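Work through the following exercises with the model open in a viewer. Each task is followed by a solution in steps.

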Amino acid sequence: MLLRHPQAVEEAGLLIANHLLDLAALGLGARGDLALSAQRGGLRAVRLKAVLDILQERFAEPDFSAQKLAAAAGLSERYVNELLYDAGASFTTRLNELRMRKAADLLTRGEGRISDIAFECGFNDLSYFNRCFRRRFGLTPTAARGK
């Protein structure tokens with residue numbers, strides 16, 4: 001499978017290496033938090049990947065929430081938030097970043113009206129979109145168009 005998908009080799013290699021380290025820690029008699037982390041590491045990594053994949057697929061839905069993400073992943077909302085936070089950013093931060101990147105991409109290509117782009121990226125409120133965009137990129141959506 002890895003031979004047919006060379007782009008997956010690097011990611012798979014890192015996951016395999018982490019899993020082997022976890023197995024070695026358990027084999028050497030790790031105790032306490034280290035043992036718990038090693039036991040759950042592989043499963044957490046798989047769950048995090050699934051959560052991030054769902055978030056990537058559905059971020060543009062206007063009513064997408066952590067609760068809907070958790071339901072789609074078959075996990076509790078608290079666990080999903082914990083996974084995301086432990087991986088470096090909260091649900092809201094990740095959601096807004098994905099939306100902002102898509103909006104910036106559409107604006108730089110000059111596609112459509114700003115309000116259409118905002119709604120296409122999952123924003124229900126144009127003024128909130130404008131504030132988020134300015135905060136993230138340091139300029140208004142109008143100024144970013146075509147750059």
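The exercises below concern a predicted model and go from the overall fold to helix contacts, aromatic rings and cysteines.

**Exercise 1. Overall fold**

Task: State how many helices and strands the protein chain has, and what share of its residues is buried.

Solution: 
- Step 1. The protein chain contains eight helices and zero strands.
- Step 2. Along the sequence this gives the pattern α-α-α-α-α-α-α-α.
- Step 3. Of the 147 residues in the protein chain, 31% are buried.
- Step 4. Take the contacts between residues at least 6 apart in sequence: 51% of them join residues at least 24 apart.

**Exercise 2. Helices H3 and H4**

Task: Classify the relative orientation of H3 and H4, and list the residues through which they meet.

Solution: 
- Step 1. The axes of H3 and helix H4 (residues 77-86) come within 8 Å and cross at roughly 100°.
- Step 2. Angles from 65 to 115 degrees count as roughly perpendicular, so H3 and H4 are roughly perpendicular to each other.
- Step 3. On the H3 side the contact is made by Ala66, Gln67, Leu69 and Ala70, and on the H4 side by Glu77, Val80, Asn81 and Leu84.
- Step 4. By class, the residues of this contact of H3 with H4 are five nonpolar, two polar and one charged.

**Exercise 3. Helices H5 and H7**

Task: Repeat the analysis for the contact of H5 with H7.

Solution: 
- Step 1. Helix H5 (residues 91-108) and helix H7 (residues 126-137) have axes that come within 11 Å and cross at roughly 90°.
- Step 2. H5 and H7 are therefore roughly perpendicular to each other.
- Step 3. H5 contributes Asn96, Glu97, Met100, Ala103, Ala104 and Leu107, which meet Tyr128, Phe129, Cys132, Phe133, Arg136 and Phe137 in H7.
- Step 4. The residues of the contact of H5 with H7 comprise nine nonpolar, one polar and two charged.

**Exercise 4. Tyrosine 128**

Solution: 
- Step 1. Tyrosine 128 lies in helix H7.
- Step 2. Leaving aside residues up to four places away in sequence, tyrosine 128 touches Asn96 and Phe123.
- Step 3. From C-alpha to C-alpha, tyrosine 128 and alanine 118 are 9.5 Å apart in space, with a sequence separation of 10 residues.

**Exercise 5. Aromatic pairs**

Task: Count the aromatic pairs in the whole structure, then classify the pair of phenylalanine 64 and phenylalanine 91.

Solution: 
- Step 1. The whole structure has five aromatic pairs.
- Step 2. In the pair of phenylalanine 64 and phenylalanine 91, the ring centres are 6.0 Å apart and the planes stand at 50°, so the pair is tilted.
- Step 3. Phenylalanine 64 sits in the loop between helix H2 (32-58) and helix H3 (66-73), and phenylalanine 91 in helix H5, so the pair ties together parts that are 27 residues apart in sequence.
- Step 4. Phenylalanine 64 and phenylalanine 91 are both buried.
- Step 5. Ring pairs also link Phe123, Tyr128, Phe129, Phe133 and Phe137 into a cluster.

**Exercise 6. Cysteines**

Solution: 
- Step 1. Buried means under 20% relative accessible area.

Terms used:
Residues are numbered from 1 along each chain as its sequence is written. This is a predicted model: local features need pLDDT of at least 70, side-chain atom pairs count only at pLDDT 80 or more; totals for chains, interfaces and linings use all residues. Side-chain values use heavy atoms; hydrogens and water are left out. Axes are lines fitted to C-alpha atoms, for helices over the stretch in contact, and angles run from 0 to 180 degrees between N-to-C directions. Helices (H or I, at least four residues) and strands (E, at least two) are DSSP runs, numbered from the N terminus. Angles under 35 degrees count as roughly parallel, over 145 as roughly antiparallel, 65 to 115 as roughly perpendicular and the rest as oblique. Contact means heavy atoms within 4.5 Å. Ala, Val, Leu, Ile, Met, Phe, Trp, Tyr, Cys and Pro count as nonpolar, Asp, Glu, Lys and Arg as charged, and the others, Gly among them, as polar. Rings of Phe, Tyr and Trp (its six-membered ring) pair if their centres lie within 6.5 Å; planes under 30 degrees apart count as stacked, over 60 as edge-to-face and the rest as tilted. Buried means under 20% relative accessible area, exposed over 50%, partly exposed in between (1.4 Å probe, protein chains only).
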